[in-house]
Amino acid sequence: MPDRATPAPSPGDSLTIAVVDPSRARAAILEEGLRAVEGARVVVIPDTADLLDRLSAVSPDVVVIHLESPSRDLLEQMFGVSRLVERPVAMFVDRSDTPMMQAAVDAGISAYIVDGLRAERIKPIIEIAILRFNAFARLQRELSEAKGELADRKLIERAKGILMSAKGLTEDEAYKQLRRKAMNEKRKIVDIARAIVTAADLLG
């Protein structure tokens, strides 16, 4: 499967696109539409058996799946693919309902198209799927970074409290001591704070 550190695809990149469809006729429609994607390498996977392993071997930039009349179990498997491949997934289905659409959104399917498999629509749908995936990934990354920053601030605050209590320092003095130690050791303040908190927990 694509590594987490691998950059997300962008429209216009040379893409490897995995097409998952048990129908050769429908897969041909997808392939025809994907010819409009410049530089695309299309790999057809004709069934869903061992799908994750097969996708891992292909390492696609985009996954396009067509399901004629998906069962809920099969949809859940496809949604699991969306979570695990960490790449844009465009899903075409012939029939669906509101709960299935909601499940697709919750699972992070980048494009969910009902009864819309036409060759001329494939390229713009792929481009939209990539853009939506990248926008969602950016929001997730920003949220993760914000949570990390909040956790770091809490750790520093706790370390300051430990220093203030142990050495009778003011809050400003405690922070300056953290900063000075970090500069002397060429480490981040949060790393110094973590060491202080860990030591305090062990001694406590």
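**Notebook: sheet and helix packing**

I looked up V19 and found V64 as its bridge partner in β3. This is a predicted model, where local features need pLDDT of at least 70 and side-chain atom pairs count only at pLDDT 80 or more, while totals for chains, interfaces and linings use all residues. Residues are numbered from 1 along each chain as its sequence is written, and side-chain values use heavy atoms, with hydrogens and water left out.

Next, the strands. β1 (residues 16–20) runs parallel to β3 (residues 62–67), joined by four bridges. Strands are DSSP runs of E, at least two residues; helices are runs of H or I, at least four, numbered from the N terminus. Two strands pair if DSSP finds at least two bridges between them. I traced an open sheet of five strands, order β2-β1-β3-β4-β5, with parallel pairing. β2 (41–45) and β5 (111–114) each have a single partner strand, so one side of each lacks a neighbour in the sheet.

Then the helices. I found α6 and α7 (residues 189–203) packed at about 110°, axes 8 Å apart. Axes are lines fitted to C-alpha atoms, for helices over the stretch in contact, and angles run from 0 to 180 degrees between N-to-C directions. That makes the pair roughly perpendicular (65 to 115 degrees). Y175 and E185 are among the α6 residues that meet α7; contact means heavy atoms within 4.5 Å.

Last, E185. I placed E185 in α6 (residues 171–185). Its side chain makes a polar contact with the side chain of R187 at 2.8 Å (N or O atoms within 3.5 Å, one able to donate a hydrogen and the other to accept it; residues adjacent in sequence count only if both atoms are side-chain atoms).

Conventions
Angles under 35 degrees count as roughly parallel, over 145 as roughly antiparallel, 65 to 115 as roughly perpendicular and the rest as oblique.
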